[in-house]
Amino acid sequence: SHKSSKREWKPLEDHSCTDVPWLLLFILFCIGMGFICGFSIATGAAARLLSGYDSYGNICGQKNVKVEGIVNSGLDLTHKKYVFFLDPCNIDLVHQKIKSIALCVSACPRTELKTLADIQKFAETNGSTLCSYELQPTEYTTDPRAAKLCPKYPVPESAPIPFFHRCAPVNISCYAKFAEALITFVSDSSVLHRLISGVMTSKEIIMGLCLLSLVLSMILMVIIRYISRVLVWILTILVILGSLGGTGVLWWLYAKQRLSASALETQIAKDNLQALLIYAIAATVFTVILLLIMLIMRKRVALTIALFHVAGKVFIHLPLLVFQPFWTFFVLILFWTYWIAVLLFLGTTGSPVPNEEGFVEFQMAGPLKYMWWYHVVGLIWISEFILACQQMTVAGAVVTYYFTREKRNLPFTPILSSVNRLVCYHLGTVAKGSFIITLVKIPRMILMYIHTQLKGKENACARCMLKACICCLWCLEKCLTYLNQNAYTATAINSTNFCTSAKDAFVILVENALRVAAINTVGDFMLFLGKVLIVCSTGLAGIMLLNYQRDYTIWVLPLIIVCLFAFLVAHCFLSIYEMVVDVLFLCFAVDTKYNDGSPGREFYMDKVLMEFVENSRKCMKEAGRGGGAEGRELKPMVGADEE
């Protein structure tokens with residue numbers, strides 16, 4: 001029984017298919033997603049979405065079938081290809097649609113039309129009638145119905161949206177109202193207009209800085225592998241200097257602007273001054289917390305440095321790993337585009353139903369209403385599946401690297417062979433792992449939706465309970481994601497199914513609990529410092545560039561946009577690094593558990609890790625003699641080496 005509970009790990013010896021039923025389930029689910037897409041296209045939703053339709057249920061640019069009980073339906077609109085809204089700025093925010101009669105017209109008004117006479121002239125010269133179908137162009141100025149059936153004037157200059165055949169006003173000012181209503185917290189609308197103009201005037205700088213953050217991330221990935229030991233100290237010193245320096249610069253800028261009192265006449269300068277003060281205070285608090293954390297974590301660094309060093313070597317042998325996030329991102333973007341397209345189709349699917357105003361709406365009947373839910377679950381499961389495929393690919397490649405004694409005998413591209421193994425053997429495992437995450441994510445999303453819907457209606461207790469549930473589910477999701485990743489690594493090593501792999505990985509992680517803690521805190525902290533470094537460099541460059549334009553733009557928003565982008569880019573790159581370190585750690589733990597360096601049970605590990613094991617053993621012996629505080633400090637780090 002003891003033997004079965006401690007099943008031997010056999011790295012890369014046999015490959016077998018894992019979790020086939022889950023793969024079949026996933027394929028069935030994807031077929032269902034395809035069916036939804038096919039159904040919405042077959043019911044004419046695609047034509048409605050692309051060509052556009054008017055308020056009477058006619059699709060523009062083609063002949064139409066009559067709808068019972070609706071006047072003006074069933075018209076031949078072959079020559080009228082564009083949708084024109086009589087009052088394009090009347091937006092209903094609750095239902096997120098434009099409250100206005102829509103008509104099909106043959107051309108959008110390219111100039112502003114101020115009166116009914118202009119509209120009549122436009123109809124006669126361009127042949128495009130902007131009033132409802134029952135009025136002839138000659139009746140525009142005479143018929144009393146024109147007030148209701150003609151557009152609200154002045155008619156703004158508009159142009160067709162490419163591919164979608166809708167006439168949209170060229171000046172976006174009326175949609176700015178829409179944006180303001182979305183961002184309700186900006187009560188003073190002039191602030192929003194100033195923010196938007198600030199972004200528009202400095203868009204070249206924003207693009208340049210985003211590119212800079214990409215380049216910096218690339219450079220950091222390359223540098224980490226050469227100087228991982230020095231890196232910890234360099235990063236530590238840089239972050240201390242950077243956070244102190246950044247705080248200093250902000251206080252200096254604040255003082256400088258405060259002293260030059262003449263600059264405070266304009267409202268923009270006042271906004272900037274207030275923003276600077278808030279930034280400076282936040283930066284000071286942040287600096288103090290950072291320094292405290294660094295003081296506490298300084299002892300637990302040896303194994304992490306060794307693993308980072310080996311991770312650097314992995315990137316030398318497998319340079320294609322760096323491009324892994326690009327592929328994942330590309331596939332995710334493709335999938336999300338498809339998903340949104342089908343979502344839009346679903347919005348216009350259904351049969352025409354007259355509403356109370358006498359216009360046509362499209363509604364789905366019966367069980368088809370619930371296609372939405374299926375579609376949303378699909379979004380989460382398939383996105384998680386794509387991310388899990390990336391984890392499995394990285395794990396497979398790193399495991400191959402670690403457990404190949406002669407690095408010369410590595411396959412030509414370990415990543416391609418890893419992808420090949422994933423597709424041939426382990427897709428079911430990935431589907432199962434991503435499904436488990438989906439199961440946790442959906443209740444959390446439902447709770448968050450309820451929370452947003454109940455804003456201001458419920459009592460404090462209920463809100464607190466909801467927040468607590470959401471928080472617990474979030475923590476559970478994070479733990480499961482970490483366990484899943486280690487389960488994928490175990491699957492890559494042993495070719496066992498998901499549950500067995502998760503159990504094996506969990507046992508190993510529990511045996512090395514303190515090391516796991518050290519690596520996750522120190523390692524993540526190092527990578528976090530890397531992200532901070534990239535964001536700070538980009539932000540500092542941004543402050544320097546944007547500071548020259550401070551008089552006529554607010555530079556708070558451009559700076560936030562740039563920093564967010566820099567953080568996202570850095571996160572994409574460094575998360576791959578984090579994955580590699582986690583996989584290496586599991587391999588290292590398995591290696592130290594089943595091998596002890598004696599003949600026949602040689603270690604697979606790299607020289608750097610060997611040195612770490614030797615050093616920790618020496619420390620153990622000295623600690624055993626000295627028995628002081630140092631012994632207690634190092635004992636947990638080497639718990640697994642002695643088995």
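## Helices H15 and H18

Helix H15 (residues 460-494) packs against helix H18 (residues 556-594) at an angle of about 55°, and their axes lie 10 Å apart. Helices here are DSSP runs of H or I with at least four residues, numbered from the N terminus. Axes are lines fitted to C-alpha atoms over the stretch in contact, and angles run from 0 to 180 degrees between N-to-C directions. H15 and H18 are therefore oblique to each other. Angles under 35 degrees count as roughly parallel, over 145 as roughly antiparallel, 65 to 115 as roughly perpendicular, and the rest as oblique.

Which residues in H15 meet H18? They are Tyr482, Gln485, Asn486, Thr489, Ala490 and Ile493. Their partners in H18 are Met579, Asp582, Val583, Leu586 and Cys587. Contact means heavy atoms within 4.5 Å. By class, the contact of H15 with H18 has seven nonpolar, three polar and one charged residues. Ala, Val, Leu, Ile, Met, Phe, Trp, Tyr, Cys and Pro count as nonpolar; Asp, Glu, Lys and Arg as charged; the others, Gly among them, as polar.

## Basis of the model

This is a predicted model: local features need pLDDT of at least 70, side-chain atom pairs count only at pLDDT 80 or more, and totals for chains, interfaces and linings use all residues. Residues are numbered from 1 along each chain as its sequence is written, and side-chain values use heavy atoms, leaving out hydrogens and water.

## The nonpolar cores

The largest nonpolar core has 63 residues. Such a core is a set of buried Ala, Val, Leu, Ile, Met, Phe, Trp, Tyr and Cys residues joined through side-chain atoms within 4.5 Å. Leu321, Tyr577, Val580, Leu584, Phe588 and Leu609 have the most contacts inside this core. H18 gives the most to it, with 18 residues.

Leaving aside neighbours within four places in sequence, Phe588 touches Leu303, Tyr402, Arg515, Met605, Leu609, Phe612 and Val613. Another core, of 33 residues, lies apart from the largest one. Tyr56, Phe84, Leu86 and Ala146 are among its members.

## A buried lysine

Lys432 lies in helix H14 (residues 414-453). At 12% relative accessibility, Lys432 counts as buried. Buried means under 20% relative accessible area, exposed over 50%, and partly exposed in between (1.4 Å probe, protein chains only). Beyond its neighbours within four places in sequence, Lys432 is in contact with Asp19, Trp22, Phe498 and Cys499.

## Helices H2 and H12

Helix H2 (residues 20-42) and helix H12 (residues 324-347) pack at about 45°, with axes 9 Å apart. That makes H2 oblique to H12. The residues of their contact divide into ten nonpolar, two polar and no charged.

Conventions: Helix = DSSP H or I, 4+ residues; strand = E, 2+ residues; numbered from the N terminus.
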